Amino acid sequence: MQYRSDSTTQEVTAYLGMGSNLAGPVEQLNHARKAISALYGVRELAMSSFYHSPPMGPQDQPDYVNAVMAVATSLPPLTLLRSLQSIEHEQGRVRTGERWGARTLDLDVLLYGDQCIDLPELTVPHVGLTQRAFVLYPLYEIAPQLHVPGKGNIKDLLAQCPLSGLKRLD
Ligand code: ROI
């Protein structure tokens, strides 16, 4: 049996996407940020500004507020995902089965270190990452040097992604 010679745990930097378009989106995101920071095995590293964005997908729903948070975590990716899902649930998200419908809170694992993950429950890098202005712009704000595994540099990805009505909130 081998033991680590120090008591530190391996941490990975993960980037989390946050979105809400119901029940006070700014408060939902602020609340989620606190809940994420309070998770065992998760430390906040950075938080982007909040961005206002028209809905992608069905247009008969309110505009969204989006942000991206960077964390250092010792949680494995699926444990992190499940912890985020319980926060969504605690904040009143009801999964109706409707694809791309309005939601009180959406938390996504966008990136998990430099890993590519392809599991039924979790795809990393997140599938929409390279096409979604409401993900790429806040991500760029907190990680302008980022390399997205299998996709390229964030700066190059951003250059090919129209703003699509995205506005930074003051
Ligand atoms: N549109 C915007 N602008 N922001 C989101 O977070 C968001 N999330 C979604 C869908 C419904 C695809 N559209 C969105 O899941």
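Let's start at Gln61. A polar atom of the Gln61 side chain lies 3.1 Å from the backbone nitrogen of Ala102. That is a polar contact: N or O atoms within 3.5 Å, one able to donate a hydrogen and the other to accept it, with residues adjacent in sequence counting only if both atoms are side-chain atoms. The Gln61 side chain also reaches the backbone oxygen of Pro58, at 2.9 Å.

A word on the source. This is a predicted model, where local features need pLDDT of at least 70, side-chain atom pairs count only at pLDDT 80 or more, and totals for chains, interfaces and linings use all residues. Residues are numbered from 1 along each chain as its sequence is written, and side-chain values use heavy atoms, with hydrogens and water left out.

Back to Gln61. Where is Gln61 found? In the loop between strand S3 (51-53) and S4. Strands here are DSSP runs of E, at least two residues; helices are runs of H or I, at least four; both are numbered from the N terminus. Gln61 is buried, at 10% relative accessibility. Buried means under 20% relative accessible area, exposed over 50%, partly exposed in between, with a 1.4 Å probe and protein chains only. Contact means heavy atoms within 4.5 Å. Leaving out residues up to four places away in sequence, Gln61 touches Asn21, Pro55, Met56, Trp100, Gly101 and Ala102. Take Trp100: 39 residues from Gln61 in sequence, 9.8 Å from C-alpha to C-alpha.

Next, salt bridges. The rule is a Lys or Arg side-chain nitrogen within 4 Å of an Asp or Glu carboxyl oxygen. How many salt bridges does the count come to? It comes to 4. One of them pairs Arg33 with Glu44, closest N and O atoms 2.7 Å apart. Arg33 is in helix H1 and Glu44 in strand S2, so this pair ties together parts 11 residues apart in sequence. Arg103 and Asp106 also form a salt bridge, at 2.9 Å, N to O. Buried or exposed? Both Arg103 and Asp106 are buried.

Last, the core. A nonpolar core is a set of buried Ala, Val, Leu, Ile, Met, Phe, Trp, Tyr and Cys residues joined through side-chain atoms within 4.5 Å. The largest has 26 residues; Leu16, Met18, Ile36, Leu80, Leu107 and Val109 touch the most other members. Elements supplying at least two residues each include strand S1 (12-20), helix H1 (25-37) and helix H2 (77-90). Another core, of 21 residues, lies apart from it, with Leu129, Leu139, Leu146 and Cys161 among its members.
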